[in-house]
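Open the model in your viewer and keep the sequence panel beside it. This tour tells you what to select at each stop, and what is there.

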Amino acid sequence: MSLHMITVNNNASLIQPGFSLMNFDGQVFFFGQKGWPKRSCPTGVFLFDVKRNQLKLKPASFSKDSCYLPPLRYPATCTYQSSLESEKVQYIIHGGKTPNNELSDKIYIMSAICKNNKKVTFRCTEKELVGDVPEARYGHTIDVVYSRGKSRCVIFGGRSYMPSAQRTTEKWNSVIDCSPYVFLMDFEFGCCTSYTFPELQDGLSFHVSIARNDTIYILGGHCLTNNSRPPSLYRLKVDLPLGSPAVSCTVLPGGVSISSAILTKTKNNEFVIVGGYQLENQKRMVCNIVTIEDNKIEIQDMETPDWTPDIKHSKLWFGSSMGNGTVFLGIPGDNKQTMSDAHYFYILKCDGDDPIAEEQATFSCSQTSAEDPGDSTPFEDSEEFCFSAEINSFDGDDDIDTYNEDDEEDESETGYWIICCPTCDVDINTWVPFYSTELNKPAMIYCSHGDGHWVHAQCMNLAEQLLIRLSEGSSKYFCNEHVEMARGLQTPKKTLPLKRTPLKPLRKKAPVKIITPAKKSFFRKLFD
């Protein structure tokens with residue numbers, strides 16, 4: 001195994017925990033950016049171009065008949081082929097979080113339809129589900145099984161928000177384990193059926209799943225109910241006769257206590273498990289090799305790569321499989337970096353034969369994201385929701401990066417995630433609703449001091465009734481920091497009376513002499 005550090009040349013801030021990587025015929029694409037797509041890249045999908053330890057994210061395009069695909073984080077993804085003999089590979093995307101922290105229950109099919117001049121055009125379609133539709137969730141897995149010439153999708157695990165009737169102000173965005181149901185979906189008709197098994201008592205999230213032919217193996221996972229990572233190993237077998245499907249569940253020995261691990265395939269029947277957590281904020285530095293043969297699974301420890309000191313000392317890590325035995329890893333940067341959300345990135349290449357030439361009979365997927373710390377990371381909310389750019393707006397020189405990071409709003413100044421005062425205690429990583437009126441954002445009040453600025457209502461210790469009253473009226477409000485100054489502004493200061501320049505006195509007019517008729521007759525005779 002070899003580990004190399006890489007440099008992201010552009011748009012590094014888009015790579016956050018919860019993203020997914022998709023491999024289409026050797027080309028890797030990035031999906032699941034932090035916020036809503038901007039005007040310069042309306043699709044939110046980027047070519048993951050790595051050359052000489054340099055990474056560039058180049059915007060991808062979709063066909064005009066595609067549905068809109070929101071930037072989902074922590075979704076379940078897997079590859080899909082109509083049959084084992086088919087060469088056309090598609091990706092299935094289910095669930096995940098939107099930038100508004102809402103959970104999706106939709107299922108999308110993403111395929112590459114055109115590859116021209118190093119440009120790939122995708123088509124995305126939404127599949128309607130009927131029957132026992134799985135609730136909106138994230139941190140789960142989706143796999144495809146093949147039996148008797150037919151295929152089915154299997155969805156299991158994950159987390160969802162607490163039902164609305166059980167929510168309180170303090171626990172408005174609290175998440176719970178999904179019920180331990182196994183959902184079997186007929187992908188052709190979109191019919192979904194749920195199954196329960198006594199062996200599955202907990203709804204595990206951030207587990208690892210491996211699908212081979214008609215069998216799925218589920219390893220590890222995290223249970224919120226008792227905050228545990230049981231060393232579980234389950235085998236789900238799906239038989240697809242002419243009648244109803246037959247699904248069975250078996251508990252196997254030799255499981256692994258792990259969550260949020262990254263799974264990558266190195267051979268036709270061989271996989272490598274990298275990363276993950278074994279305890280809260282304690283990384284699992286051991287790598288495992290998984291071999292599947294004749295409905296038997298074997299998990300063994302393998303030689304670990306030479307982890308760098310930064311990776312060893314970091315409490316968090318996240319990443320995704322690039323396919324072909326390659327893993328992309330990220331860890332938080334140090335405080336010396338100028339950007340608060342900057343990360344260090346590495347590429348780990350696992351040993352194995354030429355995976356490109358291997359048969360595509362085995363499909364695998366795993367929820368490959370930082371778990372609990374990443375789960376509570378709120379998404380940036382964009383005031384701009386625009387996807388009006390034309391499909392060909394990115395055509396041209398392949399080396400020109402048309403995505404301009406300067407187009408992103410600077411939420412440190414204009415958004416909700418700001419330090420509003422010296423005692424501000426609203427943390428982007430741990431914020432939960434404080435008032436019943438809040439859902440996805442902390443309430444803010446505009447302070448009228450000077451040019452004005454925004455402050456969090458929670459930091460100002462505002463009672464909810466006062467907050468509502470201030471939001472309804474147009475009265476001025478002053479934060480705790482400026483309230484003393486504002487008192488002086490509210491009470492007019494005493495000012496000296498203005499000095500008035502006295503007006504100049506009017507000149508007296510000479511009295512008007514009245515000429516009587518006798519005098520008029522005298523003057524008339526005088527001049528005659």
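Start with a term for the whole tour: buried means under 20% relative accessible area, exposed means over 50%, and partly exposed lies in between (1.4 Å probe, protein chains only). This is a predicted model, in which local features need pLDDT of at least 70, side-chain atom pairs count only at pLDDT 80 or more, and totals for chains, interfaces and linings use all residues. Residues are numbered from 1 along each chain as its sequence is written, and side-chain values use heavy atoms, with hydrogens and water left out.

**Stop 1: the whole chain**

Show everything as a cartoon. You are looking at six helices and 33 strands. Helices (H or I, at least four residues) and strands (E, at least two) are DSSP runs, numbered from the N terminus. Of the 528 residues, 50% count as buried. Switch to a surface. The chain exposes about 27,400 Å², and carbon and sulfur atoms supply 51% of that. Such areas come from the Shrake-Rupley method with a 1.4 Å probe; for residues, only the protein chains shown count as cover.

Now think about contacts, meaning heavy atoms within 4.5 Å. Among contacts with a separation of 6 or more, 61% are between residues 24 or more positions apart.

**Stop 2: strand S30 and its partners**

Select 343–349. This is strand S30, and six of its seven residues are buried, so the strand is largely enclosed by the rest of the structure. Which strands pair with S30 in the antiparallel sense? Strand S1 (residues 2–8) does, over five bridges. Strand S29 (residues 326–332) does too, over seven bridges. Two strands pair if DSSP finds at least two bridges between them. Strands of a sheet pair through backbone hydrogen bonds, either parallel or antiparallel.

Pick lysine 349 in S30. Serine 2 stands opposite this lysine. Threonine 326 stands opposite lysine 349 as well.

**Stop 3: two asparagines in loops**

Step back to asparagine 324. It sits in the loop between strand S28 (318–323) and S29. Asparagine 324 has a positive phi of about 55°, although it is not a glycine. At 33% relative accessibility, this asparagine counts as partly exposed.

Then select asparagine 213. Its loop runs between strand S18 (208–212) and strand S19 (215–219). With a relative accessible area of 31%, asparagine 213 is partly exposed.

**Stop 4: a five-strand sheet**

Find the open sheet with the order S11-S17-S16-S13-S12 and mixed pairing. Strand S11 (130–131) and strand S12 (141–147) stand at the edges; each has a single partner strand, so one side of each is left without a neighbour in the sheet. S12 runs antiparallel to strand S13 (residues 150–156), and seven bridges join them. Zoom in on one pair: valine 144 stands opposite cysteine 153 in S13.

Move on to arginine 159, in strand S14 (residues 159–161). Is this arginine buried or exposed? At 1% relative accessibility, arginine 159 counts as buried. Show its side chain with that of serine 205: a polar contact of 2.9 Å joins the two. A polar contact is a pair of N or O atoms within 3.5 Å; within protein, one must be able to donate a hydrogen and the other to accept it, and residues adjacent in sequence count only if both atoms are side-chain atoms.

**Stop 5: the cores**

A nonpolar core is a set of buried Ala, Val, Leu, Ile, Met, Phe, Trp, Tyr and Cys residues joined through side-chain atoms within 4.5 Å. The largest has 22 residues, and Ile445, Met460 and Leu462 have the most contacts inside it. S32 and helix H4 (464–472) are the elements that give two or more residues to this core. S32 gives the most, with three residues. Apart from this core lies another, of 19 residues, among them Leu184, Leu200, Val247 and Cys249.

**Stop 6: the annotated site**

Finish with Cys420, Cys424, Cys447, His453, His456, Cys459, Cys479 and His482, which an unreviewed UniProt entry annotates as "binding site". UniProt positions are given in the numbering used here, feature names are shortened, and annotations may be inferred rather than shown by experiment.

Cysteine 424 is in the loop between helix H3 (411–414) and strand S32 (444–447). At 16% relative accessibility, cysteine 424 is buried. Leaving aside neighbours within four places in sequence, cysteine 424 contacts Ile418, Ile419, His456 and Cys459. Histidine 456 lies in strand S33 (residues 453–456), and is buried at 1% relative accessible area.
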